[in-house]
Amino acid sequence: MKALTFDGISDYPYLTHLEDYGTDEQVMVDLTASALNHRDLWILKGMYADLTPGSVMGADGLGLVGDSEVIIYPAIDWGQNERIFGPKFRALGMPDHGTFADRIYTDKKYIFDKPNHLTTAEAAALPLAGLTAYRALFTKGDAKVGDNVLITGIGGGVALMAMSMAVALGCNVYVTSGDQDKIDKAISLGAKGGVSYKEDRWHKSLQKIVEGFDVIVDGAAGPDFNNNLSVCNPGANIVVYGGTAGKINNVSPQLLFWKQVSICGSTMGSLGDFSDMLDFISKYKVTPVVDKVYDFEAYMQAFDRLASGNQFGKVVLNHNS
């Protein structure tokens, strides 16, 4: 079968033909679409654990089992504890074979029906970003109707999914970005406002348009993290799912304890989170934002698009081209 594999540090995966690898206990899914994640770029740069040459990359996938469209849980072996994954937990696409291929073989418990309102590209874009956003926003962040919610770094898949879910629930959502065009697009999708994190003391600009935040979903961390504490309401939850801006420095303990703010980390999610996320997506008819769709053979262009940082939403591969 045709597949994109990790073959060492490079700008792109390696297009190859791979022998079928499934077992009698696994279900074969004929993949029709997949989506890229920044994780795929880190793997190609060698900045990821358990690098295994020959592994089919990709965690997001949509396909067919018979005539049924199915969406795939983007990980393996979360474990029995809903609060934290176990020692065997790993995402699809490294070291286990992932979704950038004609087929994938996986356990039946990892296969779910595609939400009916989603297109092929939207469904392929959902698994990893949707799962991460749902756990951060609800399981960890405990977002509720009417809450003021801040989503940092709007434009990426997780941030946009968290924004879309919070808007659908009835939260008052605000965003940050280094690109005014991305802020404007977020407002067109339901956000109430936003500021550029490139501004000096951007939190002051934010405080002029909203009193304070009950939940902050942050994928940046970095030296400006204390600004999040400054704009929190008492008792707020700050959920960190990424660290694109680097280490957290200069956090004010006074703001932290006086406001009784909770800061917690979150990554991906359990099978229970995934099932609940799909129910939420179906109930509120939430649709992932798709930036561009590329034919599978044009995968280099897709990786270039993601690496540029100019995308707004998910970059998708069409396997039926």
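Predicted model: local features only at pLDDT ≥ 70, side-chain atom pairs only at ≥ 80, totals over all residues.

Mentor: Arg90 is partly exposed, because its relative accessible area is 25% (buried is under 20%, exposed over 50%, partly exposed in between, with a 1.4 Å probe and protein chains only). Its partner in a salt bridge is Asp77, with the closest N and O atoms 2.8 Å apart; the term needs a side-chain nitrogen of Lys or Arg within 4 Å of a carboxyl oxygen of Asp or Glu. This pair links distant parts of the chain, 13 residues apart: Asp77 sits in the loop between strand E6 (75-76) and strand E7 (90-91), and Arg90 in strand E7 itself.

Residues are numbered from 1 along each chain as its sequence is written, and side-chain values use heavy atoms, leaving out hydrogens and water.

Back to the charges: there are 10 salt bridges in the structure. One of them brings together the side chains of Lys2 and Glu297, at 2.8 Å from N to O. Here the partners are 295 residues apart, with Lys2 in strand E1 (residues 2-5) and Glu297 in the loop between strand E16 (290-295) and helix H10 (299-308). Glu297 has a relative accessible area of 44%, so it counts as partly exposed.

Lys185 and Asp181 make another salt bridge, with their closest N and O atoms 3.5 Å apart. Lys185 is partly exposed at 37% relative accessibility, and Asp181 is partly exposed at 41%. As for Arg90 and Asp77, salt bridges with shared partners join them and Asp96 into one network.

Now the rings: the structure holds 13 aromatic pairs. To pair, rings of Phe, Tyr and Trp (its six-membered ring) need centres within 6.5 Å; planes under 30 degrees apart are stacked, over 60 edge-to-face, and the rest tilted. Tyr73 and Tyr110 are a stacked pair, 5.5 Å centre to centre with 25 degrees between the planes. Tyr73 is in the loop between strand E5 (68-72) and E6, and Tyr110 in the loop between strand E8 (103-106) and strand E9 (111-113), so the pair ties together parts 37 residues apart in sequence. Both Tyr73 and Tyr110 are buried. The rings of Tyr174 and Phe213 are edge-to-face, because their planes are at 75 degrees, with the centres 5.8 Å apart. That pair connects strand E11 (residues 172-177), which holds Tyr174, to strand E13 (residues 213-218), which holds Phe213. Tyr174 and Phe213 are buried as well.

Phe213 also turns up among the contacts of Asn233, along with Glu211, Gly212, Asp214 and Val261, leaving aside neighbours within four places in sequence (contact means heavy atoms within 4.5 Å). Asn233 is in strand E14 (residues 232-240), and counts as buried because its relative accessibility is 18%.

Note on methods: Helix = DSSP H or I, 4+ residues; strand = E, 2+ residues; numbered from the N terminus.
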